Structure formats: C-alpha cells, structure tokens
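Reader: I am new to this structure. Please take me through its aromatic rings, one part at a time and closely.

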Amino acid sequence: MNKDSLSASIDPVPTQGRAQAPAPGDRAFRFKSGSVIRAGWLAEDLPFLNRSLRYLLRGQGGELRQEFGLESGDIGVLGVLQSNPGVTQNDLAASLVLKKSAVTRVVQRLEARGLLTRARSPLDRRANILNLTEAGADLAQRVRTAAAARHADWFTGISAEERAVFFDVLFRLVDRLAETHPADPGEDDDD
C-alpha cells in the first residue's frame with residue numbers, strides 16, 4: 001500500500017470497465033494507477049483500519065518530530081504534561097500506553113533539555129511528579145499548533161460535526177478498552 005496512492009471512497013466501483021453502484025456502506029481503495037479494490041468487511045475492521053491509518057500518518061509524525069527536534073514519545077509526554085501539570089510519572093506512562101522504562105527515557109531526555117522538571121511527590125515519596133518548564137510549555141504549544149494545522153489538512157472534506165463525532169467515538173472506545181487492557185503495554189513508542 002503506497003501512502004501517496006491510496007484513498008478510501010464510497011463512489012461507484014468500476015467492474016470490467018463499468019462503474020457499479022456500491023452496496024450501502026461499501027467502501028473501496030482507489031489507487032493512482034486507477035485500480036480500485038473493494039474493502040469488503042475490512043471497511044469496518046478496527047485493527048485493519050488502525051494499521052492502515054498508522055502507516056499513512058507515520059511520516060507525518062516523523063516530520064513533526066523533526067521540525068521541533070523531538071524523538072519518539074516526546075510529543076505525547078509534552079501533550080499530557082501540558083494538560084496535566086503535576087502528573088506522576090506512573091500515571092503519565094499509563095495514559096500514554098507506554099512501558100514505564102520508555103517513559104523514563106523520554107522524561108530524562110526532556111529534563112536534560114530543560115523542558116520539564118521532575119520532583120518527588122510530597123504525598124508518595126516513591127512517585128515522581130512532572131511539570132513543564134516555561135520552555136517546555138512554549139514548545140508544547142508550538143507543537144500543538146503545528147499538529148492542528150496537519151489535522152485541518154487531513155480532515156479536508158469532513159465537516160466539523162463529523163470530525164467531532166469521530167474523535168468522540170474514538171476516545172470513548174480507547175477509554176473503554178483501556179479499562180480492560182492488561183497493565184503492561186508493549187514497547188510501541190509512537191506518538
């Protein structure tokens with residue numbers, strides 16, 4: 001699957017040179033070559049669509065990190081800390097679905113750059129609480145603005161209402177699945 005040659009559609013799908021009206025909800029992938037492949041039941045398969053979306057967006061995340069001199073995991077940490085000053089390092093790891101060791105590496109890297117501070121919790125001496133520095137808060141805001149511009153481009157042709165529903169449903173699904181997921185996530189450190 002080439003990220004520059006794929007688009008999903010519900011338009012009629014050509015069959016032997018003729019376009020046929022798709023069944024309700026039928027979706028197809030259209031390639032630059034002119035080929036059209038029906039998605040079939042995969043159009044409603046979350047793991048398949050998630051994998052496809054991650055593939056198509058992976059380069060965008062890399063470009064965003066490169067633009068701001070960040071590494072994998074940094075954007076998620078900056079974003080959570082921007083919205084949750086004083087969060088514990090363990091809660092940060094859980095919210096990002098990252099292993100504690102991966103978050104420790106990111107926190108150490110961002111702390112060394114002067115983007116966040118780490119201190120022992122006065123309530124639980126075993127826990128570290130994290131806060132963005134002024135430089136970290138500024139960087140988090142600049143990343144947020146750049147990400148919003150990319151999102152606007154990605155959602156071209158999709159109404160604000162549809163976009164709101166998409167994110168509402170997606171967040172509720174993540175929230176529900178997180179309640180039943182094992183506590184030890186994999187080593188997937190993507191933003």
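Author: Phe-155, Phe-166 and Phe-167 form one aromatic cluster. Rings of Phe, Tyr and Trp (its six-membered ring) pair if their centres lie within 6.5 Å; planes under 30 degrees apart are stacked, over 60 edge-to-face, the rest tilted. Phe-155 and Phe-167 make a tilted pair, with 5.5 Å from centre to centre and 50° between the planes. Phe-155 sits in the loop between α5 (134–154) and α6 (160–180), and Phe-167 in helix α6, 12 residues apart. Helices (H or I, at least four residues) and strands (E, at least two) are DSSP runs, numbered from the N terminus.

The model is predicted: local features need pLDDT of at least 70, side-chain atom pairs 80 or more, while totals for chains, interfaces and linings use all residues. Residues are numbered from 1 along each chain as its sequence is written, and side-chain values use heavy atoms, without hydrogens and water.

Phe-155 counts as buried because its relative accessibility is 13%. Phe-167, at 35%, is partly exposed. Buried means under 20% relative accessible area, exposed over 50%, partly exposed in between (1.4 Å probe, protein chains only).

The structure holds 4 aromatic pairs. In another one, the ring centres of Phe-29 and Phe-48 are 6.1 Å apart and the planes stand at 65°, so this pair is edge-to-face. Phe-29 lies in strand β4 (residues 28–30) and Phe-48 in helix α1 (residues 46–67), 19 residues apart. Both Phe-29 and Phe-48 are buried.
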